[in-house]
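Me: I'm new to this one and would like to learn how to read its features. Could you walk me through it?

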Amino acid sequence: MKLFINDIPILFCTRENLQEISWYTTLIDCDFAGVRSSSINYLDDVLIRNAPKEMIRELFELMTDKKLGKVDSVTVEIRDLDKVKEYIKSVFTIVKAGGGVVEKGDEILLIHRLGKWDLPKGKLERNETPKIGARREVEEETGVIVELGKKVCSTWHTYTRNKKYVLKKTNWYKMRCIDDTYMSPQEEEDIIDVRWMNTDEVRNALYNSYRTIRYVVQEYNKMD
């Protein structure tokens with residue numbers, strides 16, 4: 001479960017899988033302080049220990065409401081990942097989305113939206129499966145006809161809508177270009193450019209992107 005809030009990655013892991021404690025810049029022990037404590041200065045890589053499940057919602061709300069611009073990552077030490085997943089899904093409204101990494105030869109397809117390079121994606125329609133929705137969104141946003149391939153990964157991130165906290169799950173799929181004759185940006189979705197990029201161009205573009213997107217591309221590059 002890879003989760004991003006305001007483009008900051010959150011990792012849940014057991015004590016056995018933690019890095020050496022000295023690796024973390026900010027250490028928060030929930031036996032002594034809450035995540036909203038005014039005494040905490042959030043910097044670099046943050047470790048939260050002895051966290052009750054109720055604290056997870058408080059952490060998500062804090063990170064959604066407040067830009068923690070000096071934080072690189074947050075690690076939360078837990079005992080049972082399945083119980084944490086169940087709790088998270090129980091306290092947030094879940095929105096499902098789909099997107100794709102579209103390939104043509106040695107190039108992949110990126111879009112430029114709201115000042116950053118991105119991958120095509122969007123919310124699923126009612127009763128739509130992730131695979132069908134992902135392909136539809138890619139084709140609508142880029143004008144490229146694609147063939148669906150294997151799943152790359154899933155990402156999660158939070159945002160607020162009508163003063164309620166929403167948890168958005170995006171399923172990402174590998175896709176192959178069938179026809180890009182009518183390739184063009186979907187302007188009503190604030191997309192201003194659609195472009196095929198080789199490995200070096202993608203690497204440069206991802207400097208002006210989101211950590212979520214960099215993670216998806218990294219997972220895509222691990223595939224056969």
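Reply: Gladly! Keep in mind that this is a predicted model. Let's begin with helix 1, residues 53-65: its 13 residues reach 19 Å from the first C-alpha to the last, close to the 18 Å expected at 1.5 Å a residue.

Me: Which residues of helix 1 are buried?

Reply: They are Met55, Ile56, Leu59, Phe60, Glu61, Leu62, Met63 and Thr64.

Me: How should I read salt bridges, and how many does the structure hold?

Reply: Side chains of opposite charge can pair when their charged atoms come close. The structure holds 16 salt bridges. In one of them, glutamate 77 meets arginine 49 at 2.6 Å, N to O. Glutamate 77 lies in strand 5 (residues 71-77) and arginine 49 in strand 4 (residues 44-49), so this pair ties together parts 28 residues apart in sequence. Both glutamate 77 and arginine 49 are buried.

Me: Where do aspartate 200 and arginine 203 lie?

Reply: Both are in helix 4 (residues 199-205), three residues apart, which is about one turn of the helix. Arginine 203 counts as partly exposed because its relative accessibility is 45%, between the cut-offs of 20% and 50%.

Me: And what about charges on the surface?

Reply: Look at Glu187, Glu188, Glu189 and Asp190, which form a negative surface patch. Glutamate 187 sits in the loop between strand 11 (164-179) and strand 12 (191-197). Its relative accessibility is 61%, so glutamate 187 counts as exposed.

Methods
Residues are numbered from 1 along each chain as its sequence is written. This is a predicted model: local features need pLDDT of at least 70, side-chain atom pairs count only at pLDDT 80 or more; totals for chains, interfaces and linings use all residues. Side-chain values use heavy atoms; hydrogens and water are left out. Patches are made of residues with over 30% relative accessible area and no salt bridge: like charges are joined within 9 Å, nonpolar side chains (Val, Leu, Ile, Met, Phe, Trp, Tyr) within 5 Å. Accessible areas come from the Shrake-Rupley method with a 1.4 Å probe; for residues, only the protein chains shown count as cover. A salt bridge is a side-chain nitrogen of Lys or Arg within 4 Å of a carboxyl oxygen of Asp or Glu. Lys and Arg count as positive and Asp and Glu as negative; His and the chain ends are not counted. The place of a charge is taken as NZ of Lys, CZ of Arg, CG of Asp or CD of Glu. Helices (H or I, at least four residues) and strands (E, at least two) are DSSP runs, numbered from the N terminus. Buried means under 20% relative accessible area, exposed over 50%, partly exposed in between (1.4 Å probe, protein chains only). The expected span of a helix is 1.5 Å times one less than its number of residues.
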